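Visitor: Please take a close look at one part of this model, and set it in its context before you go into detail.

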Amino acid sequence: MAKNIQAIRGMRDLLPDESPLWQFLEGRVKDVLDRYGYREIRTPILEMTELFRRSIGEVTDIVEKEMYTFQDRNGDSLTLRPEGTAGCVRAGIEKGLFHNQVQRLWYRGGMFRHERPQKGRYRQFHQIGAEAYGLAGPDIDLEMILISRRFWQALGLDGLELQVNTLGTVAERALYQERLVAYLSAHREQLDEESLRRLETNPLRILDAKNPAMKPLIDAAPTLLEHLGEASRQHFDAICQGLDDAGVACNVNPRLVRGLDYYSRTVFEWVTTRLGAQGTVCAGGRYDGLVEQLGGRPTPAIGFAMGVERLVALLQEQGAGQGLNNPHAYLVLAAGAPQQQGMLLAERLRDEIPGLRLISHCGGGSFKSQFKKADRSGAAYALVLGEDELARGVAGIKPLREQAEQREIPFDGLKGFFLSEVF
Ligand code: HAM
């Protein structure tokens with residue numbers, strides 16, 4: 001027999017047991033974004049490969065090793081988006097969204113990176129991201145961080161830590177890079193193979209190296225904070241002050257460099273220790289040069305993206321999501337007239353009670369087997385319609401989640417019952 005086809009490694013099905021938690025998360029996050037005036041943008045999953053090369057950077061892990069790139073039937077090189085910022089910028093330039101206007105945008109969807117799969121790291125994963133264009137001051141940086149804090153409040157997540165850093169302007173970073181390369185070159189013998197390679201291609205990423213043997217060397221390295229110009233320093237100080245005023249602990253991490261090349265000045269991450277190695281649930285920063293680099297007019301920009309799988313894992317770890325979206329009632333029906341009339345009764349209840357989640361039993365079977373299904377559905381109540389009940393214009397109501405007798409309610413009283421007992 002042929003072997004069953006399986007999902008691609010690192011790509012997961014979202015099964016119905018888990019989807020209510022995703023919907024809960026997406027709903028809460030969307031509410032918060034609405035409240036700050038962010039509007040949704042949807043861009044294609046496929047883009048020209050060139051877009052990611054020019055934005056994320058040629059010598060980043062993503063572009064060097066992780067992209068799903070292929071030639072289409074016309075011979076064009078296309079790539080499944082590894083992140084959402086590049087597509088947003090491309091769309092904004094192409095559609096003139098950045099001309100003399102501020103844009104506050106958000107997006108969600110699948111992203112693709114050919115990484116080594118492990119807990120919290122997948123090859124198809126989902127992000128919800130926000131981007132703001134046309135605002136250069138530290139106020140929008142602060143807004144971005146406050147939005148993310150509000151997400152955690154809205155989701156009931158705690159224990160997340162904010163880390164912030166500044167990467168300075170391009171010129172400041174270039175100067176700093178020279179100093180860093182000089183320092184690291186003087187200690188070449190302490191660099192591992194990957195870092196020796198990065199010394200030539202992307203030295204800043206060495207600060208992010210995970211090799212514990214290199215920690216003392218990295219800890220003693222010059223920091224970018226010491227090489228900031230006055231304007232960058234003021235920008236960063238204003239953010240730290242704003243965070244302080246808003247009661248957000250501002251942990252400055254001078255080693256936070258991010259894995260994408262487009263950042264300038266502010267970068268930040270929200271991290272947790274509860275998810276093992278993949279503890280960053282939200283990350284972003286300012287990327288003032290990118291719009292121009294991709295052919296648009298100079299436009300200041302800042303944004304972040306959250307990893308939905310990681311946030312869902314965190315919610316699960318906190319025990320959230322039990323019984324979300326369970327039906328309020330499951331309608332158990334005797335064969336014959338109750339079956340036909342029951343469908344109509346169920347329709348009437350759905351008309352009368354917006355938000356009522358009611359499953360009508362389909363497929364017949366004994367009361368016993370229907371009750372089993374009612375129980376398994378997670379419904380709070382079984383609603384029972386037999387010949388006898390139908391004849392008297394009543395329905396049986398049996399609580400399924402607590403010990404209680406079945407009682408009878410006239411059809412006309414069902415609306416009142418659900419409104420008072422269930423909502
Ligand atoms: P990023 O740090 O590459 O930034 O990804 C953002 C978040 O996506 C990560 O913090 C993590 O939660 C999640 N994530 C990334 N890779 C994976 C994976 N393989 N499996 C599961 N989750 C993952 C960006 O993508 C930037 N576009 C963020 C941004 C927006 N910066 C400015 N605007």
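Visitor: To begin with the context, what radius of gyration does the protein chain have, and what would a compact globule of 423 residues have?

Guide: This is a predicted model, with local features needing pLDDT of at least 70, side-chain atom pairs pLDDT 80 or more, and totals using all residues. Numbering starts from 1 along each chain, and side-chain values use heavy atoms, without hydrogens or water.

The radius of gyration of the protein chain is 28 Å, whereas a compact globule of 423 residues would be near 22 Å (C-alpha atoms; 2.2 Å times the residue number to the power 0.38). Along the principal axes, the C-alpha atoms fill a box of roughly 90 × 60 × 45 Å. In the protein chain, 71% of the contacts with a separation of 6 or more join residues 24 or more positions apart (heavy atoms within 4.5 Å).

The chain has 15 helices and 16 strands (DSSP runs of at least four and at least two residues). For the close look, take helix 2 (residues 49–56) and helix 4 (residues 85–94), whose axes lie 10 Å apart at about 105 degrees (lines fitted to C-alpha atoms, angles from 0 to 180 degrees). The two helices are therefore roughly perpendicular (65 to 115 degrees). Helix 2 contributes Leu 51, Phe 52 and Ser 55 to the contact, and helix 4 contributes Ala 86, Gly 87 and Arg 90. By class, these contact residues are 3 nonpolar, 2 polar and 1 charged, with Gly counted as polar.

Definitions and conventions
Angles under 35 degrees count as roughly parallel, over 145 as roughly antiparallel, 65 to 115 as roughly perpendicular and the rest as oblique.
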